[in-house]
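Welcome! Please take a moment with the sequence and the 3D view before reading on.

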Amino acid sequence: MDSTDKLTSAPPEPDDLPPWQVTSSTRLLHDRWLKVRADTCVTAEGVEIAPYYVLEYPDWVEVIALDAEDNIYLVQQYRHALGVVALELPGGAVDVSDASPVEAAARELREETGLSAPEWEYVGSLAPNPATHTNLCHIVLARNVELATKPADDPTERIRLVRMPIRQAIALALEGKIIQVIHVAALTLALHRAGKWNALSPANES
């Protein structure tokens with residue numbers, strides 16, 4: 001932080017932090033799931049930053065699926081970049097055919113788990129990484145979910161469905177055993193909205 005920077009208790013208006021100007025942009029990759037471009041940027045002080053790589057993903061959606069007995073449905077699947085089997089929320093990419101994030105959430109939940117829900121609530125959206133990613137991650141809360149059909153048979157996406165008490169999922173998140181950072185944030189916001197967030201794990205209850 002520069003010595004001239006001022007600390008404030010509330011974020012000020014960003015008038016003194018203008019956006020960079022893009023003087024040129026080169027498309028490096030154009031794929032169904034990912035587009036990569038290299039921008040040549042110039043800051044307000046005239047400093048050139050190049051290349052600046054930007055990743056263009058479709059928006060994502062994460063589903064917090066709760067049943068009537070205060071259980072949550074999570075999924076386990078192999079994640080190749082880290083080479084691990086991760087415990088996650090159901091979710092995926094928002095398709096262009098999806099009319100809304102809630103519709104995308106219902107589709108993804110049905111495809112991955114076979115679950116459906118009579119009650120849906122849009123919680124909000126977060127940016128996975130506003131420094132490099134152009135997309136948003138939408139958080140959707142599904143209440144009173146029930147098994148309604150068989151999951152889609154996708155050989156590229158083998159998923160194990162896990163049902164556990166909400167309090168257990170909170171404990172796992174606080175212990176770092178749910179490693180997807182967007183999923184932990186989505187879980188926190190959605191359970192808070194539902195009035196289900198309690199940072200005490202069952203083992204610490206008195």
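Which helix does A186 lie in? A186 is part of helix α3; helices (H or I, at least four residues) and strands (E, at least two) are DSSP runs, numbered from the N terminus. This is a predicted model, where local features need pLDDT of at least 70, side-chain atom pairs count only at pLDDT 80 or more, and totals for chains, interfaces and linings use all residues. Residues are numbered from 1 along each chain as its sequence is written, and side-chain values use heavy atoms, with hydrogens and water left out.

**Around A186**
- A186 is buried, at a relative accessible area of 0% (buried means under 20% relative accessible area, with a 1.4 Å probe and protein chains only).
- Leaving aside residues up to four places away in sequence, A186 touches E62, I64, L89 and I139 (contact means heavy atoms within 4.5 Å).
- Between A186 and V123 there are 8.7 Å in space, C-alpha to C-alpha, although they are 63 residues apart in sequence.

- Seven of the seven residues of β4 are buried.
- In a regular strand the side chains alternate between the two faces of the sheet.
- On one side of β4 the buried residues are W60, E62, I64 and L66, and on the other they are V61, V63 and A65.
- With β10 (residues 137-143), β4 runs parallel over six bridges, and A65 stands opposite A142 there (two strands pair if DSSP finds at least two bridges between them).
- With β7 (residues 91-93), β4 pairs in the antiparallel sense over three bridges, where W60 faces A93.
- With β5, β4 is joined by two bridges and runs antiparallel; here A65 is opposite Y73.
- Four residues lie between the strands in the hairpin of β4 and β5, and D70 takes a positive phi near 60° in it.

**Helix α2**
- I166, A169, I170, A171, L172 and A173 are the buried residues of α2 (residues 166-174).
- Those buried residues pack against β4 (60-66), β5 (71-79), β6 (84-88), β12 (160-165) and α3 (181-194).
- After α2 comes G176, with a positive phi near 75°.

**The three-stranded sheet**
- An open sheet is formed by three strands in the order β1-β2-β3, with antiparallel pairing.
- β1 (21-30) and β3 (48-56) are at the edges with a single partner strand each, so one side of each has no neighbour in the sheet.
- Strand β2 (residues 35-42) is joined to β3 by seven bridges, and C41 stands opposite I49 in β3.

Technical notes
Buried < 20%, exposed > 50% of the residue type's maximum accessible area, 1.4 Å probe, protein only.
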